[in-house]
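Thanks for making the time this morning.

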Number of protein chains: 2
Amino acid sequence: MRSAEFDKEQVLRAAMTAFMEKGYAKTSMQDLKAATGLHPGSIYCAFQNKRGLLLAALEQYNRDRGDELQTLFSQHPSARAGLAAYLAHVVAECVSCDPQKLCLTQKALNELAEQDAEAQAILSEQCAMWRNALCAVFERIAEQGELTGTRSPLDRARGLIVSIYGLRTFAHTHPEPQVMRDLGAQILKDVCQ
Amino acid sequence: MRSAEFDKEQVLRAAMTAFMEKGYAKTSMQDLKAATGLHPGSIYCAFQNKRGLLLAALEQYNRDRGDELQTLFSQHPSARAGLAAYLAHVVAECVSCDPQKLCLTQKALNELAEQDAEAQAILSEQCAMWRNALCAVFERIAEQGELTGTRSPLDRARGLIVSIYGLRTFAHTHPEPQVMRDLGAQILKDVCQ
DNA sequence: TCATATCTTGAATAAGCATTCAAAAACTAA
DNA sequence: TTAGTTTTTGAATGCTTATTCAAGATATGA
């Protein structure tokens with residue numbers, strides 16, 4: 001018996017950033033070898049093939065982002081303040097123009113939703129998990145009486161996801177940071193109204 | 001002297017749909033040959049290379065979409081009604097799940113904004129043109145007294161673009177058509193408020 | 001210490017890719 | 001009709017790609 005030398009999470013995070021920077025199609029196995037430090041044989045042994053590595057990386061990304069969201073909201077007693085901080089965090093990522101701070105779920109959705117049914121199913125489920133987490137947030141905000149209007153938490157969660165996807169796409173045109181912050185503020189207003 | 005046999009607009013529209021379906025990286029010259037009916041030599045003679053064909057296709061797409069928007073709004077005396085029709089049109093495209101009804105600008109923005117500065121510049125300018133067109137729409141809606149609130153037309157135009165980008169990304173997870181229509185209706189409300 | 005099972009290594013493979021080019025075809029102008 | 005110019009054609013090129021595999025390295029258990 002002998003166990004693998006590499007740390008799977010570490011390898012998946014390295015693959016994640018490689019895919020974020022170049023997209024799936026343009027990331028070569030050579031890129032992945034350089035990013036992960038693994039030789040082709042090891043990658044194929046652990047993940048079947050390039051696509052298997054992507055799918056595993058997508059799941060790792062989703063876990064990491066879920067944890068991050070939970071941590072962020074646990075730091076704010078007011079759910080509404082947590083939401084503001086969350087949006088500010090997303091805006092900051094957009095403004096940074098750092099390819100490693102893109103949303104891999106969104107990138108993959110745009111690149112392969114129409115081409116790979118299995119990837120699409122994984123991504124749809126991840127989107128549903130995200131939506132449920134945000135839905136719970138809006139339920140807490142409602143309980144704390146910080147919501148006007150009559151929209152359901154689910155509606156608001158969907159609206160917020162749409163807005164964040166849009167914000168991240170819009171950011172690729174490099175608008176001024178203040179514009180991005182204003183857009184974020186307006187989204188917060190609209191979604192809590 | 002001899003003029004080219006092919007119709008440039010027709011070729012560019014064929015290339016557009018090829019790039020929409022597979023993305024830039026995964027569309028091979030063989031795909032483009034099949035889609036356009038042009039042999040490699042002719043493509044290279046007319047557009048330099050694969051990337052040149054993409055850039056030309058992006059510009060054609062932008063022209064076509066600009067014309068489409070103008071036509072749609074010219075059919076509605078009420079600018080507000082035109083906006084509602086425009087959003088309904090976008091939602092219908094999202095619901096159709098037809099890869100040929102994606103937004104090529106958005107697809108390219110997501111795939112190559114970080115990798116190709118020239119493409120990014122073209123796409124940013126196209127986004128600015130779109131924003132200006134929508135800004136003019138909001139000015140007309142304001143003149144017609146159908147706007148509440150104090151947001152500037154420019155703010156609203158940016159917000160609408162963000163929402164449409166988001167809607168199109170969200171659509172890749174195949175939500176129910178009614179959900180998409182509800183999201184469209186909410187966007188219309190928020191942006192005119 | 002040794003045998004064994006498993007992982008690691010990196011060169012080899014075969015397919016696919018963007019691009020080039022020279023020959024053939026065809027339109028234009030005289 | 002004919003000469004000249006440009007386009008069309010599609011095979012050839014050389015490079016890159018994902019994937020495989022057999023040899024070598026190394027940890028584990030006896």
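This is a predicted model: local features need pLDDT of at least 70, side-chain atom pairs count only at pLDDT 80 or more; totals for chains, interfaces and linings use all residues.

Residues are numbered from 1 along each chain as its sequence is written, chains are lettered from A and ligands numbered from 1 in the order in which they are written, and side-chain values use heavy atoms, with hydrogens and water left out.

Let me start with the aromatic rings. Rings of Phe, Tyr and Trp (its six-membered ring) pair if their centres lie within 6.5 Å, with planes under 30 degrees apart called stacked, over 60 edge-to-face and the rest tilted. By this rule there are 6 aromatic pairs over all chains. In one of them, the ring centres of A:F73 and A:Y86 are 5.9 Å apart and the planes stand at 45°, so the pair is tilted. Because A:F73 belongs to helix α4 (residues 50-74) of chain A and A:Y86 to helix α5 (residues 79-96) of chain A, the pair ties together parts 13 residues apart in sequence; helices here are DSSP runs of H or I with at least four residues, numbered from the N terminus. As for burial (buried is under 20% relative accessible area, exposed over 50%, partly exposed in between, with a 1.4 Å probe and protein chains only), A:F73 is buried at 6%, and A:Y86 is buried at 9%.

Another pair is A:W130 with A:Y165, whose ring centres lie 5.6 Å apart with planes at 75°, so this one is edge-to-face. It links distant parts of the chain, since A:W130 sits in helix α7 (residues 117-143) of chain A and A:Y165 in helix α8 (residues 153-171) of chain A, 35 residues apart. Both A:W130 and A:Y165 are buried.

Next, the pockets. On a 1 Å grid over the protein atoms alone, a pocket is an open set of points where a 1.4 Å probe fits, with protein on both sides within 12 Å along at least five of seven lines, and lining residues have an atom within 4 Å of a point. The largest pocket holds about 640 Å³ of space, a volume being the space filled by probe spheres set on the points.

α4(A) gives the largest share of the lining of the second largest pocket, 10 residues.

Finally, the cysteines. The structure holds 0 disulfides over all chains, a disulfide being a pair of cysteine sulfur atoms within 2.5 Å. B:C45 is exposed, with a relative accessible area of 70%. B:C94 is in no disulfide, and the nearest cysteine sulfur, that of B:C97, is 8.8 Å away. At 9% relative accessibility, B:C94 is buried.

Note on methods:
Helices (H or I, at least four residues) and strands (E, at least two) are DSSP runs, numbered from the N terminus.
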